[in-house]
Amino acid sequence: MSWRDYWNADTPIYVNERHKTLHYGLVARDIAALVRSPADHVLDYGCGEALSAGRVAAVSGRLYLCDGAPLVRARLDGRFRGDPKVVVLAPEELGAVPDGSLALLVVNSLLQYLRPDEFEGLLPVWREKLSAGGELVLADVIPPGTGPLADAGALIGFAWRGGFTGAALAGLVRTALSDYGRLRTELGLTHYTETDMLARLKAGGFSGRRRPANLGHNRHRMTFVARPS
Ligand SMILES: C[S@@+](CC[C@H](N)C(=O)[O-])C[C@H]1O[C@@H](n2cnc3c(N)ncnc32)[C@H](O)[C@@H]1O
């Protein structure tokens, strides 16, 4: 099983519906805050179920939701059918996004599931889709040395604030014993140092910087903002 296959099913990562709702609400709030103009076209790459994407669509001209998992896309199609601002796409359908049209392309919590060569292969594709002043935002990037314990601590903090601590503690055990725990051991997650990420962005034709705060709840992880150079 690859990570891409893994995500084509319900996962124990979200410990209950409240966790999932709060998670996607926070991510949508943070993405919406990055949109600079209501005419902007925005792409969320590896968007997941994007339960609160309506919040991002509300402040953008168009929102493309792109995910590799057919199950996730089917749910997005169901949720956003009839919404003229939202377009759901598979990664193989990115040709539908006009070159140079995106003001913002967000990739949140995906790079750890891609091999470095897969990430490198995506940089020119993303660059082609961005406008000259457009921004690529790579978020939730995991630095080396940040393992399951740090993630568990971040989740418990999020759960404490969100009122689902008991479910989070039970969920952490379920996740560790699930396919996620097995794949995390067998396939591993991809980590990047800040220096490595900035060098990769430069080699891919971007000028990038690290953003002081990560998107979402996990303060151990990093966010980078880059523009075509
Ligand atoms: C951890 S989830 C992140 C979802 C969302 N961005 C968030 O922040 O909650 C990773 C998502 O990336 C998708 N994905 C995995 N591999 C992918 C790939 N190669 N191309 C596009 N999407 C992919 C999965 O289907 C999954 O929905």
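This is a predicted model: local features need pLDDT of at least 70, side-chain atom pairs count only at pLDDT 80 or more; totals for chains, interfaces and linings use all residues.
Residues are numbered from 1 along each chain as its sequence is written.

Let's stay with Gly48. It sits in the loop between strand 1 and helix 3; helices (H or I, at least four residues) and strands (E, at least two) are DSSP runs, numbered from the N terminus. Is Gly48 buried or exposed? Buried, because 24 other C-beta atoms lie within 10 Å. The scale goes like this: 20 or more such atoms within 10 Å is buried, 12 or fewer is exposed, and in between is partly exposed, with C-beta atoms placed from the backbone. Leaving out residues up to four places away in sequence, Gly48 touches Asp67 and Val72, where a contact means C-beta atoms, placed from the backbone, within 7 Å.

Ala50 is in that loop between strand 1 and helix 3 too. Ala50 counts as buried, since it has 26 C-beta neighbours inside 10 Å. Now the backbone: phi of Ala50 is near 40 degrees, a positive value in a residue other than glycine. Most residues other than glycine have a negative phi. Asp140 is another one to look at, with a positive phi of about 65 degrees. Asp140 belongs to strand 5, residues 130–141, and is buried, with 20 C-beta neighbours inside 10 Å.

On to the core. The largest nonpolar core has 48 residues, and Ala53, Leu65, Leu104, Leu105, Val106 and Val141 have the most contacts inside it. A core here is a set of buried Ala, Val, Leu, Ile, Met, Phe, Trp, Tyr and Cys residues joined through C-beta atoms within 7 Å. Another core, of five residues, lies apart from it, and includes Val15, Leu155, Ala159 and Phe164. Back in the 48-residue one, Leu65 touches Asp44, Cys47, Ala50, Ala53, Leu76, Val86 and Val88, again not counting residues up to four places away in sequence.

Then there's helix 2, residues 17–32. Which of its residues are buried? Leu22, His23, Tyr24, Val27, Ala28, Asp30 and Ile31. What do they pack against? Strand 1 (41–45), helix 3 (53–58), strand 4 (102–108) and helix 6 (148–162). Ala32, also in helix 2, is partly exposed, with 18 other C-beta atoms within 10 Å. Ala32 touches Arg55, Val56 and Val59, leaving out residues up to four places away in sequence.

Zooming out, the protein has nine helices and seven strands, and 36% of its 229 residues count as buried. The C-alpha atoms fill a box of roughly 45 × 40 × 35 Å along the principal axes. And of the contacts with a separation of 6 or more, 67% come from residues 24 or more positions apart.

Key
The expected span of a helix is 1.5 Å times one less than its number of residues. Two residues are in contact if their C-beta atoms, placed from the backbone, lie within 7 Å.
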